[in-house]
Amino acid sequence: MKVFLTGGRGMVGRAIQAHDRASEHQVLAPNSADLDLTHRETVMAILASEKPDIVIHSAGRVGGIQANMASPAAFLADNMDMGFNVVLAAREAGVPQVLNLGSSCMYPHDAPNPLHEESLGKGELEPTNEGYGLAKVAVARLCAFVSQERADLAYKTLIPCNLYGLNDKFDPKVSHLVPAIIRKVHEAKEQGADTVEIWGDGTARREFMFSEDLADGVWAAVDGFESLPGMMNIGLGYDYSINEYYTEAAKVIGWKGHFTHDLSKPTGMKQKLLDVSAQTRFGWTPKTTLQDGIAQTYLHFQDLLKRGDA
């Protein structure tokens, strides 16, 4: 099968390509230097030329709370442009299948936990990442509309929980929670610091899945595409508090200090846990424990530090 993958240089895209199942397919994954996904004519031309059997859309502008709060317009516009261009170009080229990767940021901030697919579009999004979430909702709806209008096309969306893993971003200005924690705790250990500060009270709960598990789920979705729902959550189905993520990272890294809390800082939604009942019916389950995932990610971070790339 010819697979066209966007976002091939990102954390998720690299994990998809590194997975054992990737070798069973012809995977085309142009990087952003070779293909500007915000330029519709270019995207249309390459999909018309390559005629893939399926497009996996994992590209996007991503970042943590600080990055999303600083540039909401860019997160909305860039992700909307990329998603719309890929989906509409695939439709124009007659690509029979699209697997679009959404985000749990698509869910309303007051939706009941665990978050069920039926809650999508039924409330306002979390303000701290509203731009990103709106774009992801729009692209997912576009996929659904295309499938509704064209019986010969099946464009579906996976909605992952929060992610971390190899090739994550460790720059505090743009990083997500887990890599940010790893860097903070590592630097505290290196500097001999006794304390590490946590934003808020640390009781907010989050569901973070290892990126290699998502890659495994993506290939399971590709192989079982016909039985895949049009929109499906993909995640752990359980969560941890922010404090627990810090504690687990400290254990892995070997830092013996204690944590303080800055109660003036936002913590976001108190909980964001996906309902994975549809995923369970589909027949897929993630395998990596939090300890193993953080350990692998920390080793990768140390390699980046040695190369001067972190």
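Rings of Phe, Tyr and Trp (its six-membered ring) are taken as a pair if their centres lie within 6.5 Å. By this criterion, the structure, which is a predicted model, holds 8 aromatic pairs. One of them joins F75 and Y132: the ring centres are 6.5 Å apart and the planes stand at 80°, so the pair is edge-to-face. F75 belongs to helix α4 (residues 72–93) and Y132 to helix α5 (residues 130–149), so this contact ties together parts that are 57 residues apart in sequence. F75 is buried, at 2% relative accessibility, and Y132 is buried as well, with a relative accessible area of 12%. F75 also has a charged neighbour, as R61 lies over the face of its ring at 5.1 Å from the centre.

A tilted pair is formed by Y164 and F210, with 5.6 Å from centre to centre and 50° between the planes. Here the partners sit in strands, Y164 in β6 (residues 162–164) and F210 in β9 (residues 208–210), and the pair links parts of the chain 46 residues apart. Y164 is buried, with a relative accessible area of 1%, and F210 is buried at 2%. Elsewhere, ring pairs connect F208, Y238, Y240 and Y245 into a cluster.

Turning to the strands, an open sheet of 3 strands runs in the order β11-β8-β13, with mixed pairing. Its edges are β11 (240–241) and β13 (271–272), each of which pairs on one side only. Strand β8 (residues 205–206) pairs with β11 in the antiparallel sense over 2 bridges, and R205 has S241 in β11 as its bridge partner.

Methods:
Residues are numbered from 1 along each chain as its sequence is written. This is a predicted model: local features need pLDDT of at least 70, side-chain atom pairs count only at pLDDT 80 or more; totals for chains, interfaces and linings use all residues. Side-chain values use heavy atoms; hydrogens and water are left out. Two strands pair if DSSP finds at least two bridges between them. Helices (H or I, at least four residues) and strands (E, at least two) are DSSP runs, numbered from the N terminus. Rings of Phe, Tyr and Trp (its six-membered ring) pair if their centres lie within 6.5 Å; planes under 30 degrees apart count as stacked, over 60 as edge-to-face and the rest as tilted. Buried means under 20% relative accessible area, exposed over 50%, partly exposed in between (1.4 Å probe, protein chains only). A charge sits over a ring if NZ of Lys or CZ of Arg is within 6 Å of the ring centre and within 35 degrees of the ring normal.
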